[in-house]
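Dear colleague,

Please find below the structure that I am handing over to you.

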Amino acid sequence: MTKNENMVEDLEQFIAPPPTENLNLEARNLDFYYGTHQTLFNVSLPVERNKITALIGPSGCGKSTLLRILNRIYALYPQQYAVGRVLLDGKDILTDHNTLSRLKDRGDQVELDPLDCDISQIRARIGMVFQKPTPFPMSIYDNVAYGVRLHFNKSRQEIDGIVERALHRAALWDEVKDKLKDSGLSLSGGQQQRLCVARGLAVEPEVLLLDEPASALDPVSTARLEETLMELKKDLSIVIVTHNLQQAARISDYTGFMYLGNMIEFCSTDRLFARPKTRRARDYLTGRFG
Amino acid sequence: MSDSSLSQPSRSDRLFSSGSLGEMIFRSLCFSAATLTLVAMAGIIVSLTIGGWPAFKAFGINFFLSSEWNPVSEIYGAAGPIIGTLITSFLALLLALPLAVGISVFLVEFCPVILARPIAVAVELLAGIPSIVYGMWGLFVLAPWFAHYIQFPLLMNLSSDSWLGKMVAGVPNGANILTASLILAIMILPYMASVFRELFLTVPAQVREAAYGLGATPFEVVRSVIIPYVKRGLIGVIMLGLGRALGETMAVTFIIGNTHSLPHSLFDSGSTIASTIANEFTEATSEMHSAALTALGLVLFMITFLVLILARLLIGKRS
């Protein structure tokens with residue numbers, strides 16, 4: 001492999017993953033490229049079932065990139081590609097035709113065990129909520145029902161029930177129950193973000209990925225969103241990218257600290273925040289850089 | 001301290017402080033620029049109305065209903081050109097719209113990166129070709145080809161009594177309503193496609209990604225997220241395209257056949273308001289003839305105006 005300016009010298013890492021039998025989603029030894037520019041270096045991320053896993057690190061460290069690999073959103077852009085494995089319940093989901101040859105080029109001798117479903121089904125099982133609220137230009141009801149109609153053949157009444165349940169779970173129902181026919185764009189920023197959570201939940205994903213979901217929200221909306229996530233982890237696994245260290249400490253069970261495209265430290269949140277092992281994590285958490 | 005003492009004198013020296021002479025001149029220049037357009041428009045309407053008034057007075061409602069246009073006996077009924085204008089424009093829109101959507105969606109969603117730029121530039125260049133060039137191409141290339149390979153075979157093989165046969169009846173010379181509509185469609189296509197593309201590019205990447213992230217396929221994303229996202233803009237562009245087709249003169253004059261009767265089939269020759277004016281204005285020696293042509297101009301102006309108002313109403317309804 002050619003040397004890249006982003007490669008971290010004297011790579012000091014500390015990885016204490018959760019027990020392997022409980023993993024819902026797992027990224028193994030991922031490299032990621034924007035064209036010829038490599039932005040992730042041999043990153044692994046275990047995601048335990050029914051836990052919240054937070055990703056922290058300075059801007060540009062690759063947190064969002066890692067998240068975008070997990071449901072293959074990066075694949076919308078032809079010049080971006082990932083080399084490595086992502087396993088959903090032990091089955092490979094990075095299985096486009098170049099994956100195996102790129103793995104071989106890198107020197108990995110692996111047999112892929114592909115998950116038997118296409119990319120749209122994979123994305124339905126691994127939901128994603130973005131940094132800015134992204135309501136679709138349609139009614140609140142249709143926003144939530146959108147994914148359901150794509151993937152399931154349900155009757156009108158069934159969809160009504162699913163929409164109501166999803167809005168309840170995203171803690172938005174009481175605020176919108178009288179105006180389900182209004183445009184999703186008419187809601188406030190915090191409500192729009194919870195609408196996006198509800199939209200993701202309606203298709204019953206196993207994993208929910210959130211990319212700095214609270215960065216555009218005020219403190220009250222943020223608190224509501226955090227409550228929602230704590231409630232949701234009973235049913236699914238959550239990966240959240242955040243710039244807010246307090247947020248990671250408050251809500252997550254595991255935290256990964258990334259730096260310049262490397263996973264520097266990964267362990268339980270209590271441990272990382274109380275006794276960071278690596279020098280870089282220590283410096284970041286104490287505010288020496290960031 | 002030293003800062004403020006330095007900036008104080010220069011402040012009072014400013015030419016454009018509010019209320020000063022410079023600011024007033026600037027404001028009144030802007031105001032007169034804006035009112036100039038209103039004055040010009042009012043002037044056009046008034047002069048067209050005055051010029052066309054003899055024709056409206058002489059023929060009344062028959063100016064719109066009768067299709068007899070006879071400069072020799074000084075009888076002018078404009079139903080032929082009016083209907084011809086509406087039919088060719090709407091047909092052109094009907095043909096161009098799906099193609100324009102197809103081109104722009106392909107460019108934005110599916111096109112390989114290395115191709116996207118050249119195709120987009122080519123589409124924009126097409127939009128810049130002068131209409132006379134389209135007209136020549138229509139007359140020398142499209143019309144003969146169309147007559148030989150489409151009109152003749154259809155005429156030979158379809159019974160003239162059948163519904164379809166009636167639709168394609170007409171002199172097989174390629175100069176007819178349908179070829180005129182085709183030329184118009186080709187002319188408005190690049191404009192619509194390039195503006196559609198710009199509109200689609202305004203959809204935030206995160207909204208697209210969110211739709212794909214829910215597991216939607218490209219078709220589903222385009223249909224239910226991208227197109228609704230820019231719906232208002234799309235309507236505006238469609239109406240502007242229609243406006244362009246309504247007023248297009250040279251290309252249509254070349255290829256529509258220029259007869260003033262009501263067109264009886266798609267392959268019948270006809271005329272539009274613009275082509276009639278272009279053909280006859282230099283030869284309009286009698287007063288009534290010029291008045292009738294001026295009145296036609298007013299009608300075209302009104303049709304275009306109505307289209308724009310319709311666009312405003314449609315756009316306003318969605319906000």
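How far apart do the end C-alpha atoms of residues 233–256 of chain B lie, and how much of the span is helix? The model is a predicted one, and in it those end atoms lie 31 Å apart. The span is 88% helix and 0% strand.

**Annotated regions of chain B**

Residues 233–256 belong to a set of spans in chain B that an unreviewed UniProt entry annotates as "transmembrane region". The other spans under that annotation are 29–55, 75–108, 120–147, 167–189 and 291–315. In the model, residues 29–55 of chain B are 100% helix and 0% strand, and their end C-alpha atoms are 40 Å apart.

UniProt, again in an unreviewed entry, also places the feature "domain: ABC transmembrane type-1" at residues 82–311 of chain B. That stretch is 77% helix and 0% strand, with 20 Å between its end C-alpha atoms.

**Nonpolar surface patch and a buried proline**

Chain B carries a nonpolar surface patch of about 880 Å². Among its members are B:Leu126, B:Ile132, B:Trp137, B:Leu139, B:Phe140, B:Ile186 and B:Met250. Helix H6 of chain B, residues 131–157, gives the most to the patch, with seven residues. B:Leu139 has its place in this helix, and its relative accessibility of 32% makes it partly exposed.

B:Pro190, by contrast, counts as buried, at 3% relative accessibility. This proline is found in helix H8 of chain B, residues 177–201. Leaving aside neighbours within four places in sequence, B:Pro190 is in contact with B:Val123, B:Leu126, B:Ala127 and B:Tyr134. One of these contacts, B:Leu126, is also a member of the nonpolar patch. B:Pro190 and B:Leu125 are 65 residues apart in sequence, yet their C-alpha atoms are 8.2 Å apart in space.

**Chain A and its interface with chain B**

For chain A, an unreviewed UniProt entry places the feature "domain: ABC transporter" at residues 25–285. In the model this span is 39% helix and 25% strand, and its end C-alpha atoms lie 26 Å apart.

The size of an interface is often given as the accessible area lost when the parts come together. Between chain A and chain B, about 1,800 Å² is buried, 65% of it on carbon and sulfur atoms. Of the area that chain A buries against chain B, A:Phe136, A:Pro137 and A:Tyr146 supply 27%, more than any other three residues. In terms of contacts, 24 residues of chain A meet 19 residues of chain B.

How many salt bridges cross the interface of chain A and chain B? The rule finds one. B:Glu209 forms a salt bridge with A:Arg68, with the closest N and O atoms 2.8 Å apart.

**Salt bridges over the whole structure**

Side chains of opposite charge can pair when their charged atoms come close. Over all chains, the search finds 23 salt bridges.

One of them joins A:Arg106 and A:Asp31, whose closest N and O atoms are 3.0 Å apart. A:Arg106 lies in helix H2 of chain A (residues 97–106) and A:Asp31 in strand E2 (residues 23–34), so the pair ties together parts that are 75 residues apart in sequence. A:Asp31 is buried, with a relative accessible area of 3%, whereas A:Arg106 is partly exposed, at 26%.

Another salt bridge links A:Asp235 with A:Arg169, the closest N and O atoms being 3.3 Å apart. Here A:Asp235 lies in the loop between helix H8 (219–232) and strand E9 (237–241) of chain A, while A:Arg169 lies in helix H5 (residues 156–169) of chain A; the pair therefore ties together parts that are 66 residues apart in sequence. A:Asp235 is partly exposed, at 49% relative accessibility, and A:Arg169 is buried, at 14%.

In chain B, the side chains of B:Arg197 and B:Glu198 meet in a salt bridge at 3.6 Å, N to O. B:Arg197 is buried, with a relative accessible area of 12%, and B:Glu198 is partly exposed, at 44%.

Finally, a network of salt bridges links A:Arg49, A:Asp89, A:Arg125 and A:Glu206.

With kind regards

How values were computed: Residues numbered from 1 in each chain as written. Chains lettered and ligands numbered in written order. Predicted model: local features only at pLDDT ≥ 70, side-chain atom pairs only at ≥ 80, totals over all residues. Heavy atoms only, no water. Patch = residues over 30% accessible without salt bridge, like charges linked within 9 Å, V, L, I, M, F, W, Y side chains within 5 Å. Areas by Shrake-Rupley, 256 points an atom, 1.4 Å probe, with all protein chains shown as cover. Salt bridge = Lys/Arg side-chain N within 4 Å of Asp/Glu carboxyl O. Helix = DSSP H or I, 4+ residues; strand = E, 2+ residues; numbered from the N terminus. Buried < 20%, exposed > 50% of the residue type's maximum accessible area, 1.4 Å probe, protein only. UniProt positions renumbered as here; feature names shortened; annotations may be inferred. Contact = heavy atoms within 4.5 Å. Buried area = accessible area lost by both parts, 1.4 Å probe.
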